Amino acid sequence: MPMDFQILDADYEVINDSNPVIRLFGRGADGKSVCCFVPDFEPYFYLKASGDLHAVARLIKDTFAQVKKVEIVEKFEPIGYQKTKKEMLRVTTHLPRDVPEIRGDILKLQEVMRAEGKWEVYETDILFRNRFLIDKNLGGMVWLSAEGDPIDPVKYFRRSTSGSSRCENFACDSSILASGFKKVENFTIAPLKYLSFDIECLPLDGGMPSPDVSPIVMISFSFEPEYRGHKTLVLLARPAEGINSDVLPCKDETEMLNRFFEIFCEYDPDIVAGYNHQDFDIPYITDRVRALVAQGKAINPVVGRDGSKISYRRFGLLTRTEMKGRVVVDALPLVRRAFSLKQYTLRAVSKELLNREKLDVPPLEMEEYWFDTGEKFRKFVDYARRDAELALELILNLRLLDKYIALAQVSGSLLQEIVDGGQTSMVETLLLREFGLRDRVLLPKPDDGVSAERYEMSSDLKGGEVLEPKKGLLENVLLLDYKSLYPTIMMAHNLCYSTVVTGDTPDGATIKPPSGGEFVPPDVYKGIVPSILEDLLNQRSLTKQRMRSTSDENEYRVLDATQLAVKILLNSFYGYSGYARARLYNLTLANAVTSFGRSNILNTREIINNTIRKIVLRSGAALLLDEAGELSPHDKVVELSVAYGDTDSVFVHCQSTMDLSLEEVSLVGNRLSDIVSASLPDPMELEFESIAKRALLIAKKRYALWLFEPRNSGWEDKIKVKGMETVRRDWCELTSVTLNRVLELVLIEGNVDRAVEHVRKVVNNVRNLDPAKDSEIIESLILTRTLTRKSESYKNKQPHLTVAEKLKERTGVMPSIGTRIPFVITAGKGLFVDRAEDPDYVREHNIPIDVDYYIKKQILPPVERILEVFGVKLSSLDFDSKQKGLFDFEAKKPEVKKQEKPRPKKENNEKPKEQNLFKENGRAEQSSLFDF
DNA sequence: GGCTCTACCTAG
DNA sequence: TGAGCTAGGTAGAGCC
């Protein structure tokens with residue numbers, strides 16, 4: 001009977017020291033965990049040699065015992081348009097590890113052969129499991145239907161010396177030896193099992209615990225679905241009585257650890273979650289087990305589905321863990337990537353995203369709590385439990401994995417690689433597959449020297465064009481943008497590694513980008529990357545189509561994640577081409593893409609400003625001047641000018657002597673989109689996005705819009721802020737709240753007077769700040785900045801570095817690189833960097849705040865940048881001088897009624913990245929402090 | 001006050 | 001945040 005399962009992980013095992021067997025781990029539709037063994041797949045790579053290839057082939061076979069066979073094949077080289085394929089050698093080895101072993105030495109045969117030219121090896125650094133997945137057109141989270149007989153992995157591996165000890169603990173529900181398999185289309189996700197865990201250590205003197213000496217005293221679990229009726233479970237490293245049922249007291253730490261591994265394997269999770277467990281808990285457990293074993297304790301730390309033990313590897317600062325057959329998912333980096341927050345402590349994240357409180361036990365009192373027998377002990381246990389719960393809730397409630405699962409499916413990379421890494425592995429997987437199908441070989445990864453050289457060169461890569469904004473407050477601004485600009489440029493102009501002219505000269509005309517270089521047109525050779533992009537684009541529209549027709553909520557979510565994943569992949573190829581560590585790096589290509597982009601946006605501006613110039617609105621139609629002919633008094637003439645644009649967007653200012661309704665402005669928007677799109681090569685398209693009733697343009701990459709978007713038969717409005725201090729995390733909340741209010745008053749109510757009045761009040765309140773009374777006010781004065789490097793690598797002092805070093809002095813623990821450090825500026829003399837202080841410390845010690853700094857450096861400059869558009873001067877804001885009536889900005893009432901007050905509630909899965917003033921919960925809270 | 005440099009964060 | 005890219009604004013600090 002065929003077995004259907006979703007591929008979670010893959011690797012290989014060597015049988016009899018001679019035959020590699022692929023192992024595919026997965027979860028079946030029936031809920032069973034599966035290991036599927038696939039024999040008979042062989043490792044190989046390519047060699048470009050010169051001279052008599054038959055002789056070279058013989059020499060290779062004679063020289064290397066690792067080589068199983070050598071064949072002559074016809075292949076294109078990786079980069080450049082080529083008229084014909086070249087003969088190359090495909091070298092098959094016995095074992096996967098033979099490939100890296102001989103790839104260097106094989107090149108030395110060139111001397112032996114006294115051959116001309118330069119020999120090269122290709123595809124020598126592809127992991128065997130990936131080679132298999134790529135060649136068989138499989139991939140991570142793909143559904144597979146496998147035929148074959150059930151086997152006992154223990155017996156199967158008995159012949160193998162390397163695998164025998166491990167497979168004793170083989171942990172899959174079923175194993176089969178595949179005789180055949182095929183990919184299955186299935187838009188559901190297997191019933192995955194999620195487990196998260198968290199450890200508590202007893203540090204010495206409240207400092208950082210060290211695995212050599214500091215014991216693990218508790219391990220908490222959270223399960224989805226339940227484990228034997230438990231949603232959570234807390235293991236204790238000591239006996240205890242009178243504790244509820246979700247607690248498992250053990251004799252000692254060793255017994256607790258053994259129970260941990262037993263429960264772990266019995267539960268058999270697919271997803272192993274935690275918060276920062278990749279960097280902390282897993283390495284700690286690994287080292288602690290090693291320390292205990294060294295003391296003669298017996299611990300069997302199995303976590304892998306194949307019976308492998310817990311382990312980790314450090315690459316510099318980065319830690320990687322692997323649990324065979326499972327996927328290790330650390331919620332911390334996922335939350336970081338998905339949400340722009342001021343801090344990423346579990347406490348801050350839970351509060352912000354789950355609206356859940358983390359419980360707390362002060363580090364210095366942990367010992368006291370642990371040895372307590374009453375309330376404190378129970379608190380400690382609940383605290384541990386809560387942390388495991390929160391980690392799992394983050395992943396499940398926020399659906400953090402959906403996107404990654406879809407990315408795995410669309411790109412063909414394994415889920416673990418995608419969760420751990422960036423775009424590189426996905427792009428390379430797609431490239432390898434497509435290059436293979438088109439008989440083109442791929443380069444190995446460049447070594448560090450080559451990457452460094454390329455890195456120097458990358459200054460030769462120019463990016464997008466940013467148009468100078470028409471600064472000030474504008475009414476009726478159309479927002480148009482190019483849908484997937486760079487991918488569509490690559491498709492439209494056939495830009496690819498395989499079409500760039502580097503050697504062979506094509507017959508006929510070529511495509512010449514503004515940046516230089518030449519590319520062959522698609523009828524000469526259709527580019528590989530453009531083909532991949534085309535497939536992705538088609539896949540996206542098919543997915544969207546299916547979304548419209550499905551009524552199944554789960555399927556809808558999977559499809560939505562899929563179309564998002566496709567979009568991400570579409571946009572990854574350009575970046576890869578200019579990435580110094582890419583297998584395929586080509587600045588001619590990368591520059592061609594951006595240069596077409598730049599000339600495109602400039603052309604667009606030219607067309608709108610000088611070719612179209614005006615649109616005539618007449619009986620529900622938007623006409624060009626030519627089409628309109630003679631004008632009548634009923635016509636509305638709209639004058640167009642591009643007010644701003646950045647890379648792929650254009651803001652068009654619509655001016656008329658008469659009032660314009662949103663519907664009328666839309667007519668113009670649709671017409672512009674049609675005209676400009678028609679002038680572009682397929683599939684490039686300028687889309688009409690939305691209308692800004694008012695737009696405040698401050699500088700390049702800094703603006704605020706009062707946006708209207710069509711929503712079933714009506715309009716939905718919101719404020720969108722880009723680049724300004726309200727969306728920047730290195731400004732305090734008081735700044736963003738104040739600025740948001742100012743923007744709201746100016747953009748929606750058009751009332752500059754009230755904005756000025758508001759700022760005055762805020763300034764006054766800060767001036768008269770009484771920190772003893774308003775200790776919580778400090779909250780809104782906290783700035784945060786990321787610690788980006790080691791102390792010694794900073795050339796200048798930095799406020800957050802000052803604070804980080806103070807923290808190290810006080811607690812003994814230096815915050816790690818990548819942490820966002822909160823700080824406030826305290827009163828005193830001297831440089832401001834020296835007056836940065838930890839907010840908690842300030843609160844505890846009642847240290848006065850530098851009120852002047854907050855007024856002069858935090859509130860006024862950003863506010864002034866906005867208000868100076870209306871002629872308001874800074875001096876009028878700081879003092880209670882009476883400066884009313886100087887400016888009289890009379891706002892026209894918007895002709896479309898604003899949507900009624902109740903705004904959509906902030907949902908948990910909504911990214912706070914995009915600021916919406918009305919959702920700013922800060923406003924209501926702050927109003928008692930600053931806004932009366 | 002203007003200029004240069006470092007540092008950070010954001011737009012796209 | 002040790003692996004996609006560039007463009008660009010603003011601040012602090014040191015220098016003239």
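Domain bounds here come from an automatic or database domain assignment. The contact between them (heavy atoms within 4.5 Å) takes eight residues from domain 2 and nine residues from domain 4.

Before going on, note that this is a predicted model, in which local features need pLDDT of at least 70, side-chain atom pairs count only at pLDDT 80 or more, and totals for chains, interfaces and linings use all residues. Residues are numbered from 1 along each chain as its sequence is written, chains are lettered from A and ligands numbered from 1 in the order in which they are written, and side-chain values use heavy atoms, with hydrogens and water left out.

**Stop 1: the domains of chain A**

Colour chain A by domain: domain 1 is 1-189, domain 2 is 194-399, domain 3 is 440-723 and domain 4 is 751-876. Then return to the boundary of domain 2 and domain 4. About 550 Å² is buried there, with 60% of that area from carbon and sulfur atoms; buried area is the accessible area (1.4 Å probe) that two parts lose on being put together, summed over both. On the side of domain 2 that touches domain 4, the residues are four nonpolar, two polar and two charged. In this classification Ala, Val, Leu, Ile, Met, Phe, Trp, Tyr, Cys and Pro are nonpolar, Asp, Glu, Lys and Arg are charged, and the others, Gly among them, are polar.

How many residue pairs are in polar contact between domain 2 and domain 4? The count is two, both at pLDDT 80 or more. A polar contact is a pair of N or O atoms within 3.5 Å; within protein, one must be able to donate a hydrogen and the other to accept it, and residues adjacent in sequence count only if both atoms are side-chain atoms.

**Stop 2: DNA strand C**

Of the atoms of DNA strand C that come within 4 Å of the protein, 69% belong to sugar and phosphate. By class, this surface has 11 nonpolar, 11 polar and nine charged residues. Helix α27 (residues 851-867) gives the largest share, four residues; helices (H or I, at least four residues) and strands (E, at least two) are DSSP runs, numbered from the N terminus.

- Glutamine 423: a polar side-chain atom lies 3.3 Å from a base nitrogen of DNA strand C.
- Glycine 463: a polar backbone atom is 2.8 Å from a sugar or linking oxygen of DNA strand C.
- Valine 833: a polar backbone atom is 3.4 Å from a phosphate oxygen of DNA strand C.

**Stop 3: DNA strand B**

Move to DNA strand B, which 21 residues surround; Asp648, Tyr703, Thr788, Tyr794 and Lys795 are the closest. Sugar and phosphate make up 92% of the atoms of DNA strand B that come within 4 Å of the protein. The surface near DNA strand B divides into three nonpolar, seven polar and 11 charged residues.

Display these pairs:

- Aspartate 648: a side-chain N or O atom is 2.3 Å from a sugar or linking oxygen of DNA strand B.
- Tyrosine 703: a side-chain N or O atom is 2.6 Å from a phosphate oxygen of DNA strand B.
- Glycine 723: a polar backbone atom is 2.8 Å from a phosphate oxygen of DNA strand B.

**Stop 4: backbone details**

Select glutamate 224 and proline 225, joined by a cis peptide bond with omega of about 0°. Proline 225 lies in strand β11 (residues 216-227). Another cis peptide bond joins aspartate 682 and proline 683, with omega of about -5°. Proline 683 is in the loop between α22 (662-678) and β24 (686-699). Next, select arginine 114, a residue other than glycine with a positive phi, near 50°. Arginine 114 sits in the loop between α2 (98-113) and β7 (120-122).

**Stop 5: a salt bridge**

The structure holds 65 salt bridges. For one of them, show the side chains of aspartate 306 and arginine 23, which meet at 2.9 Å, N to O. Aspartate 306 lies in the loop between α7 (281-294) and β15 (312-315) and arginine 23 in strand β2 (residues 19-28), so this pair ties together parts 283 residues apart in sequence.

Definitions and conventions
Near = heavy atom within 4 Å. Salt bridge = Lys/Arg side-chain N within 4 Å of Asp/Glu carboxyl O.
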